[in-house]
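These are my notebook entries on a single structure. I record what I looked up, entry by entry.

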Amino acid sequence: MEFSSKLLEKAVNEMAQLPGIGKRTALRLVLHLLKQPIEQTQFLSQALTTMREEIKFCKTCHNISDIELCEICNNPARNHKIICVVEDVRDVMAIENTNQFKGIYHVLGGKISPIDGVGPSQLNINSLVEKVKLGQTEELIFALSSTMEGDTTNFYIFKQIKDFDIKTSTIARGIAVGDELEYADEVTLGRSILNRVPFENSLKNL
C-alpha cells in the first residue's frame, strides 16, 4: 500500500495494530478522522491517553476500575461469599449484562496455555487461593470458556482449593463447547449462571 504522506502512513500503521483491524480498515478510519473537526480527534486522543495513564485494576478482583476498589467489590448489596471466576474483564461485562448474578468476581487475566507460554504464575490465581484460605468464601463459580485451556485452568484452580470447605460449581453447558463467554447471548448466559452445576460433575467429561 503506497502512501502520499509519511504522517498518514504512520497513523495507519499504528491503527492497524489494533485487533481485527487490517491496513485497509485502518486507512478508512484514519481518513474518517481527517474529515472530522480537529477537536473530535483531540477528544479521542485525550480520552485514550487519560484512560491509559489513569485506569486502575481493582486490588481485590483485578477488574478494570477508576479507583482502587471497583464498584462491584465496593457494593455491600453484592454477595461477597460467592465468587465468579472469569478470564478477563469482557466476561465480567457479559455476565453483568444478564442481571442474574449478585456475587462478586475474580478476573484471572487469561487462561493456562502452555502452547502460548502462559502458566499459572502469570495469572491471578494465587490471590484467588488466598481469598479462599480466609474462609469467607462459600462458593467458587468457574465461568471460563469451555475450551481445553479453560477446562485446564478450572481443574488447576480446583486442585489448589479442593482441601478447603468450599463449594465449587461451573456454569451449565448452555454455552456451546469451544465458545467464548463474551459472545454468548444474555439469556443463555444468564441461564447458565443460574443453572450452574457442581464442578465435580464436569470432570466426568474431561
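**Entry 1: Glu-54**

I began with Glu-54, which I found in helix 3 (residues 38-54); helices (H or I, at least four residues) and strands (E, at least two) are DSSP runs, numbered from the N terminus. I class Glu-54 as exposed because its relative accessibility is 52%; buried means under 20% relative accessible area, exposed over 50%, and partly exposed in between (1.4 Å probe, protein chains only). From Glu-54 to Ile-67 I read 9.2 Å, C-alpha to C-alpha, at a separation of 13 residues in sequence.

**Basis of the entries**

The model is predicted, so I note that local features need pLDDT of at least 70 and side-chain atom pairs count only at pLDDT 80 or more, while totals for chains, interfaces and linings use all residues. Residues are numbered from 1 along each chain as its sequence is written, and side-chain values use heavy atoms, with hydrogens and water left out.

**Entry 2: backbone phi**

Most residues other than glycine have a negative phi. I looked up two residues with a positive value. His-62, not a glycine, has a phi of about 75° and sits in the loop between strand 1 (56-57) and strand 2 (64-65). Asn-99, also not a glycine, has a phi of about 60° and belongs to the loop between helix 4 (89-96) and strand 4 (103-107). I class Asn-99 as exposed because its relative accessibility is 56%.

I traced an open sheet of five strands in the order 4-3-5-6-7, with mixed pairing; two strands pair if DSSP finds at least two bridges between them. Strand 4 and strand 7 (197-198) are the edge strands, each with a single partner, so one side of each has no neighbour in the sheet. Strand 7 pairs with strand 6 (residues 167-170) in the antiparallel sense over two bridges, and Thr-170 stands opposite Val-197 of strand 7.

Helix 4 touches strand 3 (79-86) and strand 4, where contact means heavy atoms within 4.5 Å. The direction of helix 4 makes about 160° with that of strand 4; axes are lines fitted to C-alpha atoms, for helices over the stretch in contact, and angles run from 0 to 180 degrees between N-to-C directions. Helix 6 (residues 148-161) touches strand 3, strand 5 (139-142) and strand 6, and its direction makes about 165° with that of strand 5.

**Entry 3: an aromatic pair**

I found one aromatic pair in the structure. Phe-101 and Tyr-105 form it edge-to-face, at 5.2 Å centre to centre with 65° between the planes. Rings of Phe, Tyr and Trp (its six-membered ring) pair if their centres lie within 6.5 Å; planes under 30 degrees apart count as stacked, over 60 as edge-to-face and the rest as tilted. Both Phe-101 and Tyr-105 are buried.

**Entry 4: salt bridges**

The structure holds seven salt bridges, each a side-chain nitrogen of Lys or Arg within 4 Å of a carboxyl oxygen of Asp or Glu. I looked up some of them.

Lys-6 and Glu-9 meet at 3.8 Å, N to O. They are three residues apart in helix 1 (residues 6-15), so about one helical turn separates them.

Glu-87 and Lys-111 form another salt bridge, with the closest N and O atoms 3.6 Å apart. Glu-87 lies in the loop between strand 3 and helix 4 and Lys-111 in the loop between strand 4 and helix 5, so the pair ties together parts 24 residues apart in sequence. I noted both Glu-87 and Lys-111 as buried.
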